[in-house]
Amino acid sequence: MFLTITTTGTPESPATDLGFLLHKHPAKAQAFSTSYGQAHVFYPEATDARCTAALLLEVDPVALVRRGKGRGGRGGAPDAALAQYVNDRPYAASSLLAVALSAVFSSALRGVCKALPARAEQPLPLRVEVPALPARGGPDLVRALFEPLGWTVTAEPVPLDERFPEWGDSRYVRLVLDVPDGRLTLGEALRHLYVLLPVLDDAKHYWVSADEVDKLLRAGEGWLADHPEQKLITSRYLARRWSLTREAMERLELVRLADADDTAVEDIDNAVADDGPEESEGEQGDQGSQGAQNSEGDKPVSLAVRRREAILAALGATGAARVLDLGCGQGQLVQALLKDTRYTEIVGVDVSMRALTVAARRLKLERMGERQADRVSLFQGSLAYTDKRLKGYDAAVLSEVVEHVDPERLPALEYAVFGSARPRTVLVTTPNVEYNVRWESLPAGHVRHGDHRFEWNRAEFRAWAEGVAQQHAYTVAFVPVGPDDPEVGPPTQMAVFTQTTQTTKTTQTTTNDRNNKEAKAA
């Protein structure tokens, strides 16, 4: 496998600075051992005007097979066994070359150069050449992947055999990437290659585990979240492992939302208060406590506690045994449900890994007994996407969740919960914006939490809930949470959605009809 990186320079910024940026001296040829062979770095040319660094990876096919990652059959026909040793692995750029890039140019990949830190941050005129690149999708896909990143792409198909043009082209291309006007730094260029070379080959040559998601997001920082081929890149890079692809897409969506709002990701991923799990209940205490004092008269009961009590009462009335807490945050509701033996399965779902980590710590999952642990599970998920893991539950709770969703994305949440997952009962709580005038600490016109996309008044919430219920065959009732002010209503409003019996009968009729048809066909 062979790859070259070329840059040009001026007397003030000589091209040989490439040696500093790559941490490889132009006057030396260096060799590095890898898991599958030997990597060599050398400079075919190195002048102030033009400098080229070359990476040559000599792959040992035998070592590749012995490590169990070689392509080709195992046992069976002789040609299948032979394919493990005779293939394109030593010659065509693949995930093996991406791994070598990461190992040999690790500092450059991160954009780090202690000798010339300012130079590492400057865009460079760059030219990258890969003589043999597998491209499952052809030249058109190569251009679709690289051109949105600022590259000028030349992808020439390699004929199967030049002596027999009628055989057509192979799946390989000769790739040349140019950014002559210096729109990319060297680190950005290397990160593009690190991700997209194995994507084009579409065959990872090592086991893809959960840490590959972190590698992808690190290398894709600054470009992958907005790439038009994001889904294809993510899926192929993660070897089409759906669970990992889903996790990566959800985390990329978080990055996109943060960029759109000009905020940091940790500000969007705000299900956990900075002061820790014991300092905040719900929406930062919903600006304080509400209502009457407890039985001992020493302090008022917080709105978060009142909300949780209202949810537990509503759930208890439904007879639900298997419950979803969608947007579970730090796990307070999950913890409360665990104390009630009526609930045989409790699932907490949140887009925030930080929140799930705190929830697991709150629940003491690592020290929980086996019987108790069998009743509860936590997993990452986004309500912007349908998820088969959410189907089949008696009830679902969305407590202080919908107001964190952009209005244009609410239909996706509605379908994911009410149309796809379809629990028998859905409880939705959300702030009542009319009550905000009663919060002395809340400035006029401000929402209760910095991440709220909106806050509904009672009429708006009722209109939304009734529309969702009508569209997805539910009935809906409304319950005030907290003191019900005669002028502005309660601080929190709750909707209790219940599947209509008509839906159940219709579903049963459809099932019976299908069974009858299948019986007649048989």
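Author: We begin with exposure: a residue counts as buried under 20% relative accessible area and as exposed over 50%. Keep in mind that this is a predicted model.

Reader: Is Trp-167 buried or exposed?

Author: Trp-167 has a relative accessibility of 52%, so it counts as exposed. This residue lies in the loop between strand S6 (152-159) and strand S7 (169-184).

Reader: Which residues make a nonpolar surface patch with Trp-167?

Author: Leu-160 and Phe-164 make the patch together with Trp-167, and its area is about 330 Å².

Reader: How many of the 8 residues of helix H10 are buried?

Author: In helix H10 (residues 230-237), 6 of the 8 residues are buried, so the helix is largely enclosed by the rest of the structure. The buried ones are Gln-230, Ile-233, Thr-234, Ser-235, Arg-236 and Tyr-237. Just after H10 comes Ala-239, with a positive phi of about 55°.

Reader: Now the aromatic rings. What describes a pair of them?

Author: A pair of aromatic rings is described by the distance of the centres and the angle of the planes. This structure holds 13 aromatic pairs. In one of them, Phe-418 and Phe-497, the ring centres are 4.8 Å apart and the planes stand at 65°. Planes over 60 degrees apart count as edge-to-face, so this pair is edge-to-face.

Reader: Where in the chain do Phe-418 and Phe-497 lie?

Author: Phe-418 is in helix H17 (residues 410-421) and Phe-497 is in strand S16 (residues 492-499). They are 79 residues apart, and the pair links distant parts of the chain. Phe-418 has a relative accessible area of 1%, so it is buried. For Phe-497 the value is 0%, so this residue is buried as well.

Reader: What kind of pair do Phe-461 and Trp-464 form?

Author: Phe-461 and Trp-464 are stacked, with 6.1 Å from centre to centre and 20° between the planes. Both residues are buried.

Reader: How many residues apart are they in helix H18?

Author: An α-helix has 3.6 residues a turn, so residues three or four places apart point the same way. Phe-461 and Trp-464 are 3 residues apart in helix H18 (residues 458-472), so about one helical turn separates them.

Reader: Which residues form one aromatic cluster?

Author: The cluster is formed by Phe-418, Phe-454, Trp-456, Phe-461, Trp-464, Tyr-474, Phe-478 and Phe-497.

Reader: Which residue lies over the face of Tyr-393?

Author: Arg-322 does, at 4.2 Å from the ring centre.

How values were computed
Residues numbered from 1 in each chain as written. Predicted model: local features only at pLDDT ≥ 70, side-chain atom pairs only at ≥ 80, totals over all residues. Heavy atoms only, no water. Phe/Tyr/Trp six-rings, centres within 6.5 Å; stacked < 30°, edge-to-face > 60°. Helix = DSSP H or I, 4+ residues; strand = E, 2+ residues; numbered from the N terminus. Buried < 20%, exposed > 50% of the residue type's maximum accessible area, 1.4 Å probe, protein only. Lys NZ or Arg CZ within 6 Å of the ring centre and 35° of its normal. Patch = residues over 30% accessible without salt bridge, like charges linked within 9 Å, V, L, I, M, F, W, Y side chains within 5 Å. Areas by Shrake-Rupley, 256 points an atom, 1.4 Å probe, with all protein chains shown as cover. Salt bridge = Lys/Arg side-chain N within 4 Å of Asp/Glu carboxyl O.
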